[in-house]
Amino acid sequence: MLTVQELRTYLRLTSEKLDGEIQDTMDAAMLDLSTGGMKDVDNALVDMAIKLYARWKFNFADKADQYRRDYQELKSALALVYPQGED
């Protein structure tokens, strides 16, 4: 499972001051993924979805719309692959 430190690095942040917000964003991403039927799935695709969600929410490189689309497409694909949260 993705850690706050790994996500901070992915967002290219160096300060730990935003770790609480990063954790909240990770939690929100997991809750959002669960609305698509995914529960308790832990793999590289889920980690990538969380990373895309975070880049969307943090407006990484001023490309929030691009990351939102990428996240939503991956979420839709994951819902087809893991409809009941099966690993």
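A crossing is right-handed if the near helix is turned clockwise from the far one by less than a right angle. I start from that because α2 passes α3 in a right-handed crossing. The model I am reading is predicted.

**Entry 1. α2 against α3**

I took the geometry of this pair before its residues. The axes of α2 and α3 come within 9 Å. They cross at roughly 120°. That angle makes α2 oblique to α3. I then listed who touches whom. On the α2 side I noted Thr-25, Met-26, Ala-28, Ala-29, Met-30, Asp-32 and Leu-33. On the α3 side I noted Val-46, Ala-49, Ile-50, Tyr-53, Ala-54 and Lys-57. Sorted by class, the contact of α2 with α3 has 10 nonpolar residues, 1 polar and 2 charged.

**Entry 2. α3 against α4**

How do α3 and α4 run relative to each other? I found an angle of about 155° between them, with the axes 8 Å apart. Angles over 145 degrees count as roughly antiparallel, and α3 and α4 are therefore roughly antiparallel to each other. The crossing of α3 past α4 is left-handed.

I wrote down both sides of the contact. α3 brings Leu-45, Val-46, Met-48, Ala-49, Leu-52, Tyr-53, Arg-55 and Trp-56. α4 meets them with Ala-64, Tyr-67, Arg-68, Asp-70, Tyr-71, Leu-74 and Leu-78. The contact of α3 with α4 holds 12 nonpolar residues, no polar ones and 3 charged.

**Entry 3. α2 against α4**

The next pair was α2 and α4. Their axes come within 9 Å and cross at roughly 50°. α2 is thus oblique to α4. The crossing of α2 past α4 is right-handed. From α2, I listed Ala-29, Asp-32, Leu-33 and Thr-35. From α4, I listed Tyr-71, Lys-75 and Leu-78. The class count for α2 with α4 is 4 nonpolar, 1 polar and 2 charged.

**Entry 4. The core**

I turned to the largest nonpolar core, which has 22 residues. In soluble globular proteins, nonpolar side chains tend to be buried together. Which members touch the most others? I got Leu-7, Met-26, Leu-33, Val-46, Ile-50 and Leu-78. The elements giving two or more residues to this core are α1 (4–10), α2 (19–35), α3 (44–57) and α4 (64–81). Which element gives the largest share? It is α3, with 6 residues.

Setting aside neighbours within four places in sequence, Leu-78 is in contact with Leu-33, Met-38, Leu-45, Val-46 and Ala-49. Leu-78 also sits in the α4 side of the contact with α3, and Leu-78 is listed again where α4 meets α2.

**Entry 5. The loop between α3 and α4**

I checked backbone angles here. Most residues other than glycine have a negative phi. Asn-59 has a phi near 50°, a positive value, and is not a glycine. Asn-59 lies in the loop between α3 and α4. Its relative accessible area is 35%, so Asn-59 is partly exposed.

Asp-62 is another entry for the list. Its phi is positive, about 60°, although Asp-62 is not a glycine. Asp-62 is placed in the loop between α3 and α4. Is Asp-62 buried or exposed? I read a relative accessible area of 65%, so Asp-62 is exposed.

**Entry 6. Ala-64**

I moved on to Ala-64, which is in helix α4. Ala-64 has a relative accessible area of 17%. The cut-off for buried is under 20%, so Ala-64 is buried. What does Ala-64 touch, leaving aside neighbours within four places in sequence? I found Trp-56 and Asn-59. Asn-59 is the loop residue with positive phi from the entry above. Trp-56 and Ala-64 also both belong to the contact of α3 with α4. I also looked up a distance: Ala-64 and Lys-39 are 25 residues apart in sequence and 25 Å apart in space, C-alpha to C-alpha.

Terms used: Residues are numbered from 1 along each chain as its sequence is written. This is a predicted model: local features need pLDDT of at least 70, side-chain atom pairs count only at pLDDT 80 or more; totals for chains, interfaces and linings use all residues. Side-chain values use heavy atoms; hydrogens and water are left out. A nonpolar core is a set of buried Ala, Val, Leu, Ile, Met, Phe, Trp, Tyr and Cys residues joined through side-chain atoms within 4.5 Å. Buried means under 20% relative accessible area, exposed over 50%, partly exposed in between (1.4 Å probe, protein chains only). Helices (H or I, at least four residues) and strands (E, at least two) are DSSP runs, numbered from the N terminus. Contact means heavy atoms within 4.5 Å. Axes are lines fitted to C-alpha atoms, for helices over the stretch in contact, and angles run from 0 to 180 degrees between N-to-C directions. Angles under 35 degrees count as roughly parallel, over 145 as roughly antiparallel, 65 to 115 as roughly perpendicular and the rest as oblique. Ala, Val, Leu, Ile, Met, Phe, Trp, Tyr, Cys and Pro count as nonpolar, Asp, Glu, Lys and Arg as charged, and the others, Gly among them, as polar.
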